[in-house]
Amino acid sequence: MITILGVPGPLLFGQLLLGLINGAFYAMLSLGLSVIFGLLNIINFAHGALFMMGAFVAWMLLNYLGLGYWWALILSPLIVGIFGLILERTLIRHLYKLDHLYGLLLTFGLALIIEGLFRNKYGSSGMPYQIPSELEGATNLGFMFLPNYRGWVVLAALIACLGTWLLIEKTKLGALLRAATENAPLVQAFGVNVPRLVTLTYAGGVALAAFAGVLAAPIYSVNPNMGSNFINTVFAVVVIGGMGSIMGSIVTGFSLGVIEGLTKVFYPQASETVIFVVMAIVLLTRPAGLFGRTA
Amino acid sequence: MSMEATTQVGVGLPSAKPVLFGYTSTQAIALAILVALVVLSPTVLYPVFLMKVLCFAMFASAFNLLIGYVGLLSFGHAAFFGMGSYVTAWTAKYWGLSAEVAILLGGLTGAALGAVVGWLAIRRSGIYFAMITLALAQMVYFFCVEAPFTGGEDGIQQVPRAKLFGLVSLAPDMSIYWLVAGLFLFFFLFVHRVVHSPFGQVLKAIRENTTRATSLGYRTDDYKLIAFILSTFISGIAGGTKALVFGIATLTDVHWSMSGEVVLMSLLGGLGTIFGPVMGALIVTAMENYLAQFGAWVTVTQGAVFVICVLTFRRGVIGELGAKLKLAL
């Protein structure tokens with residue numbers, strides 16, 4: 001067996017893979033948070049709850065309508081996106097002229113409501129969600145066995161992240177979005193419907209969280225707390241990366257996942273806290289975050 | 001969108017002329033009513049419930065000192081409350097310390113932790129400050145899950161109500177009630193005193209316009225840090241007191257939902273008002289007691305109160321009342 005730095009190869013690669021998967025979720029969630037923050041100037045505290053909702057919608061589609069994983073991968077982000085659209089139109093919209101902190105408080109309240117409702121209906125214990133049959137089993141890569149589903153999650157997350165990046169950096173819609181982030185009144189003066197753009201951005205960011213939720217459903221059990229377990233770490237990721245750049249969120253998300261995975265191998269006691277330690281170091285050395293612009 | 005916000009969190013009404021220790025005459029009357037309520041209510045209400053309210057009122061007043069007067073929203077105050085609770089419970093149970101020393105140690109633990117967290121977090125403001133405090137509090141939570149002294153999921157149970165000064169037994173509910181009531185009134189007045197001191201005026205200046213306060217020569221970061229440490233000290237005291245009252249310290253006290261609860265209390269009562277946090281603590285605790293039998297509906301209701309507060313009465317119960325009566329409460 002290969003050993004690297006005294007650690008058996010399969011263990012190291014296994015944890016690296018787990019780290020990459022966590023990193024994939026960090027990347028997708030922090031990406032959505034920073035796009036939403038850029039345009040709406042609110043931190044969407046409900047992001048974790050909507051990620052959880054994405055997983056639950058997948059579970060419901062399967063158990064109530066018999067629609068499987070691949071359907072869920074398309075429908076769940078759509079459904080949760082529409083839900084986000086309604087939230088933005090009816091509630092969040094009223095806060096844009098107020099202190100940003102009110103946005104945080106409102107979305108925190110929404111997160112409590114969503115989580116509480118799911119906990120009432122489905123309890124706190126998780127519900128299993130099967131890996132789709134096409135992705136069962138594992139592939140021998142020579143140095144380790146790669147479970148197919150886990151490989152797929154990393155791949156799908158990368159595609160989703162790069163897709164978002166392309167959408168924002170390379171398309172007309174993305175150009176408008178970036179322009180509105182810089183100066184909304186000016187863009188509006190050019191005849192662009194900025195409020196609609198804002199609604200779409202929120203719905204889009206939320207749909208990305210739901211997409212992550214569907215990907216997560218077969219890995220973690222589908223339970224009402226899965227969002228809040230993630231979101232605190234994601235906030236640390238956002239602070240580390242800074243919310244200025246799309247690519248920054250993606251790179252920070254994946255690398256922190258990997259760092260967490262490596263810590264699990266070399267110093268398991270610190271694996272849950274390592275990201276927060278990184279955050280503290282970044283705050284001491286680069287307070288605006290690695291990719292952040294000083295506001 | 002510009003970074004300028006048109007409405008600031010916790011901007012109070014222009015205060016009337018103070019007559020006594022920084023209190024206006026209406027505030028003095030309100031204070032007298034509060035003292036009377038604290039003294040008389042155990043004759044009609046269950047003392048343990050009242051002590052819970054008073055502990056949370058202390059906690060919320062400490063939290064309000066930051067959000068209401070410095071404009072810093074900490075989303076990690078459970079860390080200081082919970083660690084205070086653990087340390088008081090541990091020292092009272094295993095070292096057999098008397099009540100006042102155990103509670104003081106709880107407060108000092110909160111302050112020490114607050115010094116570190118504050119030192120890191122004041123580098124950013126606004127929502128970043130909120131996210132950083134939340135993240136660091138989460139780290140404290142993970143530490144408490146792992147560390148052997150907290151008893152993990154079981155917590156520290158069967159904490160004795162240690163004797164006050166080693167002499168006065170606090171075992172009867174009414175004895176410990178007077179201790180809790182005394183602590184509450186002391187720290188309630190203390191927060192008010194801080195807010196109305198020259199130090200407090202500088203804090204308000206920082207809240208209104210940090211850049212200008214800096215250009216006037218104030219070391220704004222030092223002021224923020226001192227306010228943060230004061231707030232976390234009182235939070236630790238509140239946590240420690242609660243641990244002695246209930247004889248237990250658990251992970252619930254360090255969990256992020258506790259941080260959310262104290263935010264809710266202050267928001268509902270009125271950010272930046274003196275009496276708001278007390279009112280908020282009373283309403284939220286009463287609501288939880290009533291809803292406890294309905295499971296997760298507590299969470300749903302709390303969330304709904306958040307949403308309604310933010311959308312319809314951002315000044316909170318006391319803030320709106322004060323605005324109606326044109327008084328600064």
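This is a predicted model: local features need pLDDT of at least 70, side-chain atom pairs count only at pLDDT 80 or more; totals for chains, interfaces and linings use all residues.
Helices here are DSSP runs of H or I with at least four residues, strands are E runs of at least two, and both are numbered from the N terminus. By that rule I find A:N148 in helix 5 (residues 148-170) of chain A.

Residues are numbered from 1 along each chain as its sequence is written, and chains are lettered from A and ligands numbered from 1 in the order written.

Back to A:N148. I checked burial (buried means 20 or more other C-beta atoms within 10 Å, exposed 12 or fewer, partly exposed in between, with C-beta atoms placed from the backbone). A:N148 comes out partly exposed because it has 16 other C-beta atoms within 10 Å. Next I listed contacts, meaning C-beta atoms, placed from the backbone, within 7 Å. Skipping neighbours within four places in sequence, I get A:L135, A:E136, A:G137, A:A138 and A:T139 for A:N148.

Then the domains. Chain A has domain 1 (32-222) and domain 2 (225-295), with bounds from an automatic or database domain assignment. Their centres, over C-alpha atoms, are 19 Å apart. I count 19 residues of domain 1 in contact with 13 of domain 2. On the domain 1 side, helix 1 (9-40), helix 2 (47-65) and helix 5 of chain A each supply at least two residues. Helix 2 of chain A has the largest share, six residues.

Key. Two residues are in contact if their C-beta atoms, placed from the backbone, lie within 7 Å.
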